[in-house]
Amino acid sequence: MISSKTNVDRRRIMLLGLLVPPTLFLLVFFIVPLTIMVIYSWLEPGLYGGVVWNFYDLNYGRILGWADSRYEKFDPVYLAIFFKSVRLALTTVLICLFVCYPAAFWISKMSDTKKNLFLFLVTLPFFVSLIVRLFAWVLILRPTGFLNQALMGTGLISEPLQIIFTDTAVIIGMTYVFIPFMFLPLYASIEKLDMSLLESSSDLGATRLQTFRRVILPLTLPGIIGGSIIVFIPALGNFIVPSLLGGAKVLMIGNLIEQQFLSARNWPFGSALGMIVMAAILVLLVYYVKMMTREDRLARTPSIKEVQ
Amino acid sequence: MKILKVLRSSALSIYGYFFFAFVYAPILLIVVFSFNSNPVNMMIWESFTLDWYKTIFGMTNASSESALYLDSTDQLYAAVQNSLVIALTTTLIATVFGTSIALAVARFKFKLKGFYRALMFMPMIMPDIVLGIALLIFFVSIGAQLSIYTIIIGHCTFLTSYVFIVVSARIADMDETLEEASADLGANGWTTFRRVTLPMIMPGVIGGALLSFIISMDDLVITYFIAGVDSQTLPVFIYGMLRRGIKPEINAIATIMLLFSIIIASIGLYMRSRRN
C-alpha cells in the first residue's frame with residue numbers, strides 16, 4: 001500500500017518534470033504573444049508608431065467597412081486584397097491538386113523499391129531551402145531569364161514575355177513550393193485504395209469515368225481535402241513568394257501585413273489584418289471538421305455499408 | 001484493348017517524368033549556371049568558371065575585382081554562423097520540449113491532455129506571418145533587444161510542435177507492454193524510462209531533431225520579423241540580397257545550401273529506411 005502510494009507520487013513528479021518546463025516556455029513565448037496580438041488589434045494606433053491604450057474598433061472598421069471619418073477611412077482596397085489572396089491561394093491549391101494527383105497514382109503502382117526511391121525524390125525538395133527554390137523561379141521567369149531566352153532562341157517569340165511580377169508568376173511559385181505538401185496526403189489516401197474495388201466497378205459495367213467519379217474520387221477525398229488545407233493555409237498568408245515573384249504589382253494580404261509592421265509602423269492595424277487571416281482559416285477548419293464528422297457518421301451507417 | 005491499356009499506362013509514366021522534370025529542373029538550373037562565367041546575364045552560357053565560388057570563399061579574382069557583387073563576405077559568414085548557432089540551440093531545446101510533451105500525453109493520465117494536443121496543433125494551422133508579428137509585438141513590448149536569442153525563442157515555439165508530432169507518431173507504434181513488463185520485473189519509473197522507453201522512441205526523437213534543424217536553418221518568415229540588424233540568418237541575408245538585385249554569387253551560395261540540405265535529408269531518410 002505504501003509502496004504503491006510512493007509510486008503514484010513518483011509518477012506525478014515525473015509528469016510535472018516533463019510538463020512544467022515546456023508549458024512555462026510556451027505560455028510565456030507562444031500564448032502570451034498571440035494574446036497580446038489579439039489585444040493590439042483592438043487598440044488605437046499611436047501617431048508615430050506604438051499604441052494608445054484605448055479600445056478602438058476602427059482597425060477592423062478600416063478593413064470591413066465601418067469607419068469614423070475623423071479617424072480612419074474605410075477603404076475597400078483591403079477587402080479586395082484579401083479576396084485576391086484567397087483567389088490566388090485557391091488557384092494554387094487546385095493546380096497543386098491537378099499536378100500531384102496523377103503523379104501520386106503513378107507512384108502508387110510501382111514496385112516497393114522504386115516506390116521508395118520516387119517518394120524520396122518527391123520529399124527531397126521540401127528539405128531544399130525555400131529561398132533557393134524561389135530564387136530559381138526568379139531566374140527562370142525574369143525578362144532576361146531562362147524561359148524567355150529559350151523561347152526567343154527557338155524563335156517562338158520575338159520579345160521577352162513579362163511573366164515575373166504577375167499573378168501567374170506568384171501562382172507558379174506557390175505551386176512549386178507547396179507541391180510536397182499536397183503530394184504526401186494525396187499519396188497516403190491513393191495508396192490505401194483497394195484495387196479490387198476498381199475491378200469490381202468495371203466488372204459491373206461502369207465506364208472509366210464513372211469508376212473515377214463514383215469510386216476513386218470519394219475514396220481519396222480525405223487526402224484531397226487534407227492536402228488542400230495544408231496548402232491553403234501557408235498560401236493565404238504568404239508574403240515571400242509575392243514579394244519575390246510578384247514585386248510591387250501583386251500585393252497579397254501577407255505583404256500588407258509586412259508593410260504595416262516594417263514600414264508603415266501601424267501595428268494595431270497590422271494585427272487586425274493578421275486576425276482576419278486567422279479568422280478565415282478557422283472558418284475553413286470548422287467547416288472541415290464538421291464535414292469529416294458527417295462523413296464518419298455516414299460511413300458508420302449500416303445501410304451505406306450494405307450498398308458498398 | 002490491350003494496346004489501349006499500354007498506351008494509357010505509358011501516358012501516366014510520361015506524365016510522371018514530366019512531373020519530376022518540373023520539380024527538379026529549376027534546382028538543376030541553379031547548379032549548372034553557378035558555373036557560368038557570364039557576369040552580365042547569368043542565363044546566357046559563356047564558359048565554365050569557379051569564380052563565384054571563389055568570391056564567396058573570399059578569394060579575389062578578375063571578375064570579382066571588376067565588379068564587387070557580394071556586399072561583404074564577412075556578412076555572409078556571420079549569417080551562416082548565426083544560422084548554425086540558432087539551428088543547433090533550437091534543435092536541442094525543441095527536441096527536449098517536444099519529446100517531453102509527447103511522452104506526457106501518451107504515457108500519463110491527466111486532465112489537460114486535450115489542451116496540450118490543441119496547443120501542439122496550433123502552429124500547424126497558423127500562417128507563419130501571424131506568429132512572426134505576434135512575437136515581434138511581444139519582444140518589443142517587453143523591451144527585449146532583437147538578437148539571435150529572440151530568434152532562438154521564436155523558433156522553439158513552433159518547432160516543439162514538429163518534434164511532438166514526429167515523436168508521438170513513433171510512440172503510437174510502440175508496444176506498451178514492454179514498459180509494463182519492465183515495471184513488473186521491478187524496474188522503477190526512471191530505469192524503465194532510460195532502459196526501455198528512451199531507446200524505443202529514439203528514432204522518432206532523432207527524426208524530429210533533424211526535421212527541426214532543417215526547418216530552423218530554412219525559416220525565413222518568422223525570423224524575418226524577429227531578427228535584429230546584427231542577427232541576420234542565412235535565408236534572411238539571401239532574401240535581402242535578392243531584393244536588392246540578382247547577382248551571380250547567389251547561384252553559388254544556393255548550390256552549396258542545396259548540397260547541404262540534400263546531405264542532411266539523405267542521412268535522415270537513410271536512417272529511416274535502415275530501421276525498416
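Domain bounds here come from an automatic or database domain assignment. On that basis chain B splits into domain 1, residues 2-66, and domain 2, residues 73-246. Before I go on: this is a predicted model.

Let me stay with chain B for a moment. The C-alpha centres of its domain 1 and domain 2 are 33 Å apart. How many residues of domain 1 of chain B are in contact with domain 2 of chain B? Five, and they meet four residues of domain 2. The area buried between domain 1 and domain 2 of chain B comes to about 280 Å², with 66% of it from carbon and sulfur atoms. On the domain 1 side, 81% of the buried area is supplied by M42(B), I56(B) and F57(B), more than by any other three residues. As for specific pairings, there are zero salt bridges between domain 1 and domain 2 of chain B. One residue pair in polar contact is found across that interface, with both residues at pLDDT 80 or more. The side of domain 1 of chain B that touches domain 2 has three nonpolar residues, two polar ones and no charged ones.

Chain A next. The assignment for chain A gives domain 1 as residues 2-64 and domain 2 as residues 77-265. Taken over C-alpha atoms, the centres of these domains of chain A are separated by 34 Å.

There is a hairpin in chain A to look at. Strand β1, residues 43-45 of chain A, runs antiparallel to strand β2, residues 51-55 of chain A, and three bridges join them. L43(A) has F55(A) as its bridge partner in β2(A). Between the strands of this hairpin there are five residues, and G49(A) takes a positive phi near 80°.

Now salt bridges. Over all chains, the search of the whole structure finds seven. One within chain A pairs the side chains of D167(A) and K84(A), at 3.3 Å from N to O. Why does that pair tie together parts that are 83 residues apart in sequence? Because D167(A) lies in helix α7, residues 167-191 of chain A, whereas K84(A) lies in helix α3, residues 76-108 of chain A.

That leaves the interface between the chains. Chain A contributes 77 residues to the contact and chain B contributes 81. The size of an interface is often given as the accessible area lost when the parts come together. For chain A and chain B, the buried area is about 7400 Å², and 84% of it is on carbon and sulfur atoms.

Which side chains form a salt bridge between chain B and chain A? R243(B) and E258(A), at 3.8 Å from N to O. The polar contacts between chain A and chain B number ten residue pairs, both residues of each at pLDDT 80 or more. On the side of chain A that touches chain B, helix α1, residues 2-40 of chain A, gives the largest share, with 21 residues. By class, that side of chain A divides into 61 nonpolar, eleven polar and five charged residues.

Note on methods:
Residues numbered from 1 in each chain as written. Chains lettered and ligands numbered in written order. Predicted model: local features only at pLDDT ≥ 70, side-chain atom pairs only at ≥ 80, totals over all residues. Heavy atoms only, no water. Contact = heavy atoms within 4.5 Å. Buried area = accessible area lost by both parts, 1.4 Å probe. Salt bridge = Lys/Arg side-chain N within 4 Å of Asp/Glu carboxyl O. Polar contact = N/O pair within 3.5 Å; in protein donor to acceptor, adjacent residues only side chain to side chain. Helix = DSSP H or I, 4+ residues; strand = E, 2+ residues; numbered from the N terminus. Nonpolar A, V, L, I, M, F, W, Y, C, P; charged D, E, K, R; others polar. Pairing = 2+ DSSP bridges.
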